[in-house]
Each structure stands twice: as C-alpha cells, then as structure tokens.
Amino acid sequence: MSGPHVIRGSVSLPEAELMWRFSRSGGPGGQHVNTSDTQVELRFDLAATEALPEVWKQRALEKLAGRLVDGVVSVRASEHRSQWRNREAAAVRLTALLAEATAPPPRPRRATRIPRGINERRLREKKQRSDTKRGRSGRDWG
C-alpha cells in the first residue's frame, strides 16, 4: 500500500494492524472479472489498537458502536476493476471514517435572545398577509 494512512495530525494507522481480505466482486462482468479477486475488505481492530490516543479511541468506540463487531471496524470496496484501486479506496474510506469518529464534539451553541425588532417585523408581516387573504373573500363577486 502506498504511504502511511494518516488520520489527523501525526496520528496514522500502522500497516501491521490492518487486516486485508480479498474476494470476487459481484455484479456484471466478463470472463476475467468472474475469476479475479477484486473486492477488498479492510478490517481494523479499534478496541485493541495502540496507535490511537486513548481519548480518540474511546470517542471512536462510542460513535462507531453500531458498526463494530467485537471491537473491529470493517470497510469494503468493490467499485473499481483493479484490486489495487479497491485497496486504496478501502484505505481512504477507513481513514475518513476514523477521522470523523475521533473528531472532538462541536462546541455547544450559546443561547441568545431574539431581538424585539425581528419579532415585531414577523408579526407585522403576518398581519399584512392575513389582511391580503381576508380581502380575497368572495363577498364582492357576483
């Protein structure tokens, strides 16, 4: 695989902890496609890794709880015809998933008051709209 799989900053996934599995891709194709193992499944043991800082690891375990099987996260790629490109796609997908899962939570929103002018303008526009609609009633038609 080409280069280290950087998650964020200086933290990257060690190649030794990545488990690769190859199988035949599904879908249509010619004679060669049906015999070549181009689908890639990349597995990473999130629960046992030492590569991530402990805080990131806990955050990722919480956010990815629905995707984990015994603490292992897996990603598949089969959109390309070559195994090499599918390997790269799976690695990119895994690093993006881990980068999103280890990101710090957003800062909480500070509550602010709605300015009085905005509220008054909204009520004034509602009143004008109501008058317009009331003026459309079919009393004058006839």
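Colleague: Is Asp70 buried or exposed?

Modeller: Burial is judged by relative accessible area: buried means under 20%, exposed over 50%, and partly exposed in between, with a 1.4 Å probe and protein chains only. Asp70 has a relative accessible area of 75%, so it is exposed. This is a predicted model, in which local features need pLDDT of at least 70 and side-chain atom pairs count only at pLDDT 80 or more, whereas totals for chains, interfaces and linings use all residues. Residues are numbered from 1 along each chain as its sequence is written, and side-chain values use heavy atoms, with hydrogens and water left out.

Colleague: Where does Asp70 lie, and what is its phi?

Modeller: Asp70 belongs to the loop between H1 and E5. Its phi is positive, about 55 degrees, although Asp70 is not a glycine. The element names refer to DSSP runs numbered from the N terminus: helices are H or I of at least four residues, strands are E of at least two.

Colleague: How many helices and strands does the protein have, and in what pattern?

Modeller: The protein has three helices and five strands. Along the sequence they follow the pattern β-β-β-β-α-β-α-α. Of its 142 residues, 29% are buried.

Colleague: Which residues of helix H1 are buried, and how should I read their arrangement?

Modeller: An α-helix has 3.6 residues a turn, so residues three or four places apart point the same way. In H1, residues 54–63, the buried residues are Trp56, Lys57, Arg59 and Ala60. They lie on the same side of H1 because they cover an arc of only 165 degrees around the axis, taken from the directions from the helix axis to the C-beta atoms. On the face turned away from that buried side are the exposed residues Val55 and Glu62.

Colleague: What covers the buried residues of H1?

Modeller: Contact means heavy atoms within 4.5 Å. The cover of H1 includes strand E1 (5–8), strand E2 (11–13) and helix H2 (83–102).

Colleague: How do E1 and E2 pair?

Modeller: Two strands pair if DSSP finds at least two bridges between them. E1 and E2 are antiparallel and share three bridges, and Val6 has Ser12 in E2 as its bridge partner. Two residues separate the strands of this hairpin, in which Gly9 takes a positive phi near 65 degrees.

Colleague: What is the order of the strands in the open sheet?

Modeller: The open sheet has three strands in the order E3-E4-E5, paired in the antiparallel sense. Strand E3 (18–23) and strand E5 (72–77) are at the edges with a single partner strand each, so one side of each has no neighbour in the sheet. On average, neighbouring strands are turned by 20 degrees against each other, direction ignored; axes are lines fitted to C-alpha atoms, for helices over the stretch in contact, and angles run from 0 to 180 degrees between N-to-C directions. H2 packs on this sheet, where it touches E3, E4 and E5, and its direction makes about 140 degrees with that of E5.

Colleague: Which residues stand opposite each other across E4?

Modeller: E4, residues 39–45, is joined to E3 by six antiparallel bridges, with Phe22 opposite Val40 and Met19 opposite Arg43. Six bridges, also antiparallel, join E4 to E5, where the bridge partner of Arg43 is Ser74. E4 is mostly covered, with five of its seven residues buried.

Colleague: With what is Leu94 in contact, beyond its neighbours within four places in sequence?

Modeller: Leu94 is in helix H2 and counts as buried, at 1% relative accessibility. Beyond those neighbours, its contacts are Leu13, Leu18, Leu42, Phe44, Val73 and Val75. Leu42 is 52 residues from Leu94 in sequence, yet their C-alpha atoms are 7.9 Å apart. Over the protein, 64% of contacts between residues at least 6 apart in sequence join residues at least 24 apart.

Colleague: Which charged residues sit over rings?

Modeller: A charge sits over a ring if NZ of Lys or CZ of Arg is within 6 Å of the ring centre and within 35 degrees of the ring normal. Arg8 lies over the face of Trp56, 4.4 Å from the ring centre. The charged end of Arg87 is over the ring of Trp20, at 4.4 Å from its centre.
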